[in-house]
Amino acid sequence: MSTRVRHARHLASVLTRDTGTDVQLVYVRTPGAITAPQGGYEVRWQGGPTEDDMRRAAEANQDEAPLIPVQALAYERRRARS
């Protein structure tokens, strides 16, 4: 496992702890990027904090995962199941 992946997992754990909801950081490749794969990490969670709150939590904890550029993270909040 690469250091970057370890940092992503650690940041997900910190966000889970701080927000009280299960958080995943998933690497998403850019469609069509065949010769030079490009992409970035996406923060995913269900219910819980708003996107703005999650963004603030990630920014507040950026020192926890210095290899993950928190300003470039994408965010996907899914609706809680009823």
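Residues are numbered from 1 along each chain as its sequence is written, and side-chain values use heavy atoms, with hydrogens and water left out. Because the model is predicted, local features need pLDDT of at least 70 and side-chain atom pairs count only at pLDDT 80 or more, while totals for chains, interfaces and linings use all residues.

**Exercise 1. Determine the strand order of the sheet and where the helices lie on it.**

Step 1. Helices (H or I, at least four residues) and strands (E, at least two) are DSSP runs, numbered from the N terminus. Two strands pair if DSSP finds at least two bridges between them.

Step 2. The three strands make an open sheet of mixed pairing, in the order 1-2-3. Strand 1 and strand 3 are at the edges with a single partner strand each, so one side of each has no neighbour in the sheet. On average, neighbouring strands are turned by 30° against each other, direction ignored.

Step 3. Seven bridges join strand 1 and strand 2 in the antiparallel sense.

Step 4. Helix 1 lies across strand 1 and strand 2, at about 145° to strand 1. Helix 2 lies across strand 1, strand 2 and strand 3, at about 135° to strand 3. Axes are lines fitted to C-alpha atoms, for helices over the stretch in contact, and angles run from 0 to 180 degrees between N-to-C directions.

**Exercise 2. Describe the largest nonpolar core and the contacts of Leu25.**

Step 1. A nonpolar core is a set of buried Ala, Val, Leu, Ile, Met, Phe, Trp, Tyr and Cys residues joined through side-chain atoms within 4.5 Å. Buried means under 20% relative accessible area, exposed over 50%, partly exposed in between (1.4 Å probe, protein chains only).

Step 2. The largest core has 17 residues, and Leu25 is among those with the most contacts inside it. Helix 1 (3-19), strand 1 (23-29), strand 2 (39-46) and helix 2 (51-60) supply at least two residues each. Helix 1 gives the most, four residues.

Step 3. With neighbours within four places in sequence set aside, the contacts (heavy atoms within 4.5 Å) of Leu25 include Ala8, Leu11, Val43, Ile68 and Leu73.

**Exercise 3. Classify the two aromatic pairs.**

Step 1. Rings of Phe, Tyr and Trp (its six-membered ring) pair if their centres lie within 6.5 Å; planes under 30 degrees apart count as stacked, over 60 as edge-to-face and the rest as tilted. The structure holds two such pairs.

Step 2. Tyr27 and Tyr41 have ring centres 5.2 Å apart and planes at 75°, so this pair is edge-to-face. Tyr27 is in strand 1 and Tyr41 in strand 2, 14 residues apart. Tyr27 is partly exposed at 39% relative accessible area, whereas Tyr41 is buried at 13%.

Step 3. Trp45 and Tyr75 are edge-to-face, at 6.4 Å centre to centre and 80° between the planes. Trp45 lies in strand 2 and Tyr75 in strand 3 (residues 74-78), so the pair ties together parts 30 residues apart in sequence. Trp45 is buried at 3% relative accessibility, and Tyr75 is buried at 11%.
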